[in-house]
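Here is a friendly walk through how the parts of this model pack together. Please keep the viewer open as you read.

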2 protein chains.
Amino acid sequence: MQTPIFSDIQKAHKRVEPFIHRTPVLTSNSLNKIFHSNLFFKCENFQKVGAFKFRGATNAVMSLNDEKAQKGVATHSSGNHAAALALAARNRGIKAYVVMPENAPEIKKKAVEGYGAEITFCQPTLEARETTLAKVIEQTGATEIHPYNNFEVISGQGTAAKELIEDNGSFDLILCPVGGGGLLSGTSISTKSMLPGAKVIACEPVGADDAYRSFYGGQIHPSVNPNTIADGLLTSLGKLNFEIIKSNTDKVVTTSDEAIVKAMRMIWERMKIIIEPSSAVPLAAIIEKKIDVEGKKTGIILSGGNVDLNKISNYF
Amino acid sequence: MQTPIFSDIQKAHKRVEPFIHRTPVLTSNSLNKIFHSNLFFKCENFQKVGAFKFRGATNAVMSLNDEKAQKGVATHSSGNHAAALALAARNRGIKAYVVMPENAPEIKKKAVEGYGAEITFCQPTLEARETTLAKVIEQTGATEIHPYNNFEVISGQGTAAKELIEDNGSFDLILCPVGGGGLLSGTSISTKSMLPGAKVIACEPVGADDAYRSFYGGQIHPSVNPNTIADGLLTSLGKLNFEIIKSNTDKVVTTSDEAIVKAMRMIWERMKIIIEPSSAVPLAAIIEKKIDVEGKKTGIILSGGNVDLNKISNYF
């Protein structure tokens, strides 16, 4: 299994730079005081389509040779990856085919349509999604871009941590949420290459703790009936991702949904920025003292900001 | 009546720079597309204490001579000015005395206390606030710092527009919400001095339209039973503020609460930042086509981000 190395992330960065935002890194005096730490938040909630996913999708789309590209790209997703892939494809002037469960939220359908993707609806089961996607690919010849278990996607996601370190120097700790492992695997490659002394800590909701079980169990244990407010982190680790995480991640910690909501609210109120629940998982781990950040320079990747404000009463 | 001129704002800027954040200016491709404009948002929601008020309060506190300063500063306020004055006083190492209605929200009491101010509670009427403040000043010898009808406060508030223009060059329009007129008067002085060709437009909720009536009536018409979701804009124009606004503002427009909520939501969802309703009034005016921004480079001051998330169901 060939996994990306740092030079792949460097190449990805050159490829995606014309398309992405180099997102800002924010700090908060009041959070630093509360946690006796020095926290740096990489704001991928300000990224295009509102999430880091646009980095990986862009790198995957822009890496295709012309012959492949002209047949388009395809994925099944109802989340940020679908919107990210749709916009990346539009930027290259090619088609994106997205398979979505028919019960996907209206707001997500509109976002993906708004970026010009062609949506095929299917039954809301993983099997239906996979067979429908296979059919679409057979008919169109499009290239499948998996949301995280993909070499170029991982290389693209690693550019966020690369920018964080380039813009803010050395760190003691880099914290990152983990779902399928795309962001975490890319982040861990950049961190270990640029700052060999820094520790990479993966943060996961306890209600979807497959990365925790896989990391400490030494093999992939899939997500079974995950249940957490952090709806971007429900999926199971990819094979490629696990391979990278195994050797580049120092620790996986889990946090309660209660702490996730508390952390999310803290960031909204004190930093005046909107993040989605998945982005709040690292700060939740700090709140629950699963990570000792005292006196340490700590980088945190805020993965995205796509919250449905109609459902905000679920949180506060 | 002596009003500040641009050199007073320049002096204020030197004085406050060590204490304030030079807040970022954000843009949004999607909002620019929707409104066919080129919008630049000056993010005072990221200012210390979460609002531009910290600029004016800091300038007022740091302008006092040592003899006056040692007796402290005082104000009556239940809003952002009280917290701003408390922090500014703490930064100078002097006392702040804040008179607050006893029914002020718990969250505001805590914020002001947290910055070390001494609070005196009173009945929730303007008369009680004024007589209580007079008593506190008599007892302590503190200097009253009015939230907007104050030379140094106005000079401090003008530094936000000064930074906006310094960092982003020329503008066709500068839009600003108006309540008591502190931000608007400072903004208008900076804009007209730095960019004589730019227009300054004041934006006001129709449910608190005293600035509109005063500007077009040629004299101050106080706010009577104001009723708007933009709770930072309920007060009447100050005399000093009106004097400045009369000659430096090109237009006052009013907007509905419905548009204010729509604009606030648009900024939360698309820009992923938290602003309070008062900050959304200029974009509300654009939504309601009260201001023609098409093809124009437009600066908008986002005045603050202090929203009580427990009351968020009032908005969405």
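In this predicted model, helix 1 (residues 6-16) of chain A and helix 3 (residues 53-63) of chain A cross at roughly 85°, and their axes come within 9 Å. Helices here are DSSP runs (H or I, at least four residues) numbered from the N terminus, and axes are lines fitted to C-alpha atoms over the stretch in contact, with angles from 0 to 180 degrees between N-to-C directions. Helix 1 of chain A and helix 3 of chain A are therefore roughly perpendicular to each other (the term covers 65 to 115 degrees). Helix 1 of chain A brings A12(A), R15(A) and V16(A) to this contact, while helix 3 of chain A brings R55(A), T58(A), N59(A), M62(A) and S63(A). Two residues are in contact if their C-beta atoms, placed from the backbone, lie within 7 Å. By class, three nonpolar, three polar and two charged residues make up the contact of helix 1 of chain A with helix 3 of chain A. Ala, Val, Leu, Ile, Met, Phe, Trp, Tyr, Cys and Pro count as nonpolar, Asp, Glu, Lys and Arg as charged, and the others, Gly among them, as polar.

Helix 1 of chain A also packs against helix 8 of chain A, at an angle of about 90°. These two helices are therefore roughly perpendicular to each other as well. On the helix 1 side of chain A you will find D8(A), I9(A), A12(A), H13(A) and V16(A), and on the helix 8 side S155(A), G156(A), G158(A), T159(A) and K162(A).

Here are the two pairs side by side.

| Helix pair of chain A | Axis distance and angle |
|---|---|
| helix 1 and helix 8 | 8 Å, about 90° |

Now for the domains. Chain A is assigned domain 1 (7-51 + 155-314) and domain 2 (54-144), with bounds from an automatic or database domain assignment. Their C-alpha centres lie 25 Å apart, and the contact takes 20 residues from domain 1 of chain A and 16 residues from domain 2 of chain A. On the domain 1 side, helix 1 and helix 8 (151-168) of chain A are the elements that give two or more residues. Helix 8 of chain A supplies the largest share of that side, five residues. By class, this side of domain 1 of chain A has seven nonpolar, 10 polar and three charged residues.

What about the partner chain? In all, 16 residues of chain A are in contact with 16 residues of chain B, and the chain A side has eight nonpolar, five polar and three charged residues. The copies meet through the same surface, because 100% of the interface residues of chain A are also interface residues in chain B. A rotation of 180° with 0.0 Å of shift along its axis superposes chain A on chain B (RMSD 0.0 Å), so the two copies are related as by a two-fold rotation axis. The superposition uses least squares on the C-alpha atoms of residues with pLDDT of at least 70 in both. I273(A) comes closest to that axis of the residues of chain A, at 2.1 Å (C-alpha).

How confident is the prediction? Chain A averages a pLDDT of 96, and 100% of the residues score at least 70; pLDDT is the predictor's confidence in each residue, from 0 to 100. The model scores ipTM 0.93 and pTM 0.94.

Residues are numbered from 1 along each chain as its sequence is written, and chains are lettered from A and ligands numbered from 1 in the order in which they are written. As this is a predicted model, local features need pLDDT of at least 70 and side-chain atom pairs count only at pLDDT 80 or more, while totals for chains, interfaces and linings use all residues.

Definitions and conventions:
Parallel < 35°, antiparallel > 145°, perpendicular 65-115°, else oblique.
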